[in-house]
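Reader: Hello! Could you take me on a close look at a single part of this structure, with the cut-offs behind each term spelled out as you go?

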Amino acid sequence: MSVTEDRLAKLRGRRTDKSDRKADVGRVDWTSWPVYDAAGAGLRNYWYPVIWSSEVKRKPKSVRVCAEDIVLQRDEHGEVFALHDRCPHRGVRLSQGTEEFPGTVSCPYHGWTYRLSDGELVAVITDGPDSPMCGQVAVATYPTAEVAGLVWVFIGDRDPHPLAEQLPEELVNPPDYAVGGRIEDRPGDWRLYAENGFDEGHAKYLHRTSYWRLFKVMPTWNKIHIHREGRWLYRMEDERYWEADFPGLGKWSNDRWWKIKPKQQQGKMLGNTGGAKKNDPYIVSRDFPGFASLAAPGMLRIAYPQFIHYEFYVPIEEGRTKYVGVMVQFKTGLAKAGFYAKYLGGIRWLFHGNFSSQDHWMVAETDAPPERLYRPDSSLLEWRRLIEEGNPFDVGTPVSLDRPEVES
Ligand code: FES
Ligand SMILES: [Fe+2]
């Protein structure tokens with residue numbers, strides 16, 4: 001054995017010893033959060049944004065949400081309907097079919113024809129106008145709505161609560177606004193996407209190399225606490241450190257000569273960069289306690305000085321997530337056109353492309369649980385606690401359980 005190999009073997013040995021000693025200390029799986037743990041295919045009794053409104057026309061369109069196959073289609077008046085994407089006759093997907101009569105969808109196989117508004121079988125083309133099947137069969141329907149250029153579908157087992165109660169409040173009766181965004185089906189658990197979105201520790205380190213942050217210094221580390229307001233959790237910064245001296249190792253900072261450090265006061269800034277000269281008055285008027293907030297069922301809101309960025313983590317099924325990233329700017333007229341020009345001219349790629357791809361890369365790499373959490377992960381723990389309380393739109397009593405804490 002060479003000297004180097006000997007040394008490596010010793011180092012490996014030491015590391016093994018240490019991890020053996022510590023193997024079970026603070027190491028947790030998700031059974032401490034039973035509701036969360038069981039929600040691999042998504043949380044039910046919520047509205048989910050599933051597709052751009054502009055993509056739903058009179059031709060049936062299929063989507064999969066919370067492990068349910070759904071067909072979306074507009075009727076002759078422009079209203080969107082959602083039906084279970086399965087013909088009761090022989091189980092063929094209705095999304096492969098066509099609209100043969102206004103306001104209906106016909107299965108491609110034998111022409112069973114369902115009314116969009118209530119899913120009832122209203123004609124069987126290959127069985128004649130007097131088919132006895134009519135009125136005997138129906139497919140399930142889903143409540144739908146359209147807001148922010150998106151089609152929303154309610155997935156659940158009870159009558160839906162109004163979408164307005166679940167939307168970010170600022171999108172209910174807002175001033176005119178422009179929307180840009182990206183929807184992508186991605187591998188990875190929706191819970192890992194939600195946790196990544198709200199994960200305090202990652203942005204300043206992982207995203208320091210993104211082009212979006214090319215000219216902005218990110219703090220090296222900070223101290224935070226999570227603030228709860230209604231159904232929202234906010235990340236609140238208590239202390240910020242632009243650089244740090246690690247004993248025996250040296251200084252670390254991502255500051256470079258070409259980067260700009262925000263000057264704004266801690267606690268007063270909007271957006272994680274601060275330093276903006278102009279803040280949008282509507283966003284300021286919302287008076288968010290912190291720039292990053294998260295609510296069920298996986299809705300992240302980042303309030304920047306000039307726009308709000310939302311991420312909706314829509315479960316497709318266990319292990320697959322529809323990433324719905326939406327940027328909203330409260331502008332009218334020409335300014336609105338300016339937003340679209342800027343968004344399509346660069347922001348879409350910089351922010352919803354390059355920047356977000358770093359998150360998607362890490363979610364794909366995440367192999368948890370088991371996990372060992374650290375101080376900034378209080379953001380994840382509070383989120384899991386929130387989900388354990390149950391659906392705030394259901395009638396019921398919130399649950400309170402003792403759960404492991406982060407290591408301090
Ligand atoms: S399977 Fe749909 S009509 Fe036969
Ligand atoms: Fe991120």
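Author: Gladly! Let's start with what covers the buried residues of helix α8: the cover includes α4, β13 (221-229), β14 (232-241) and β17 (292-295). Contact here means that the C-beta atoms of two residues, placed from the backbone, lie within 7 Å. Helices (H or I, at least four residues) and strands (E, at least two) are DSSP runs, numbered from the N terminus.

A word on the source: this is a predicted model, in which local features need pLDDT of at least 70 and side-chain atom pairs count only at pLDDT 80 or more, while totals for chains, interfaces and linings use all residues. Residues are numbered from 1 along each chain as its sequence is written, and chains are lettered from A and ligands numbered from 1 in the order in which they are written.

Helix α8 spans residues 378-388, and its buried residues are Ser379, Leu380, Trp383 and Leu386. A residue is called buried if 20 or more other C-beta atoms lie within 10 Å of its own, exposed if 12 or fewer, and partly exposed in between, with C-beta atoms placed from the backbone. Seen down the axis of α8, these buried residues fall within an arc of 120 degrees, so they line one face of the helix. The arc is that of the directions from the helix axis to the C-beta atoms. After α8 comes Gly390, with a positive phi near 100 degrees.

α8 lies across β13, β14 and β17, and runs at about 165 degrees to β14. For such angles, axes are lines fitted to C-alpha atoms, for helices over the stretch in contact, and the values run from 0 to 180 degrees between N-to-C directions.

These strands belong to an open sheet of 7 strands with antiparallel pairing, in the order β12-β20-β19-β18-β17-β14-β13. Two strands pair if DSSP finds at least two bridges between them. β12 (178-187) and β13 stand at the edges with a single partner strand each, so one side of each has no neighbour in the sheet. On average, neighbouring strands of this sheet are turned by 20 degrees against each other, direction ignored. At the β12 end, 10 bridges join β12 to the antiparallel strand β20 (residues 320-329), and Ile183 stands opposite Val324 in β20.

Finally, helix α4 (residues 190-198) has 9 of its 9 residues buried, so it is largely enclosed by the rest of the structure. Among them are Trp190, Tyr193 and Phe198. α4 lies across β14, β17, β18 (299-303), β19 (308-317) and β20, at about 160 degrees to β19.
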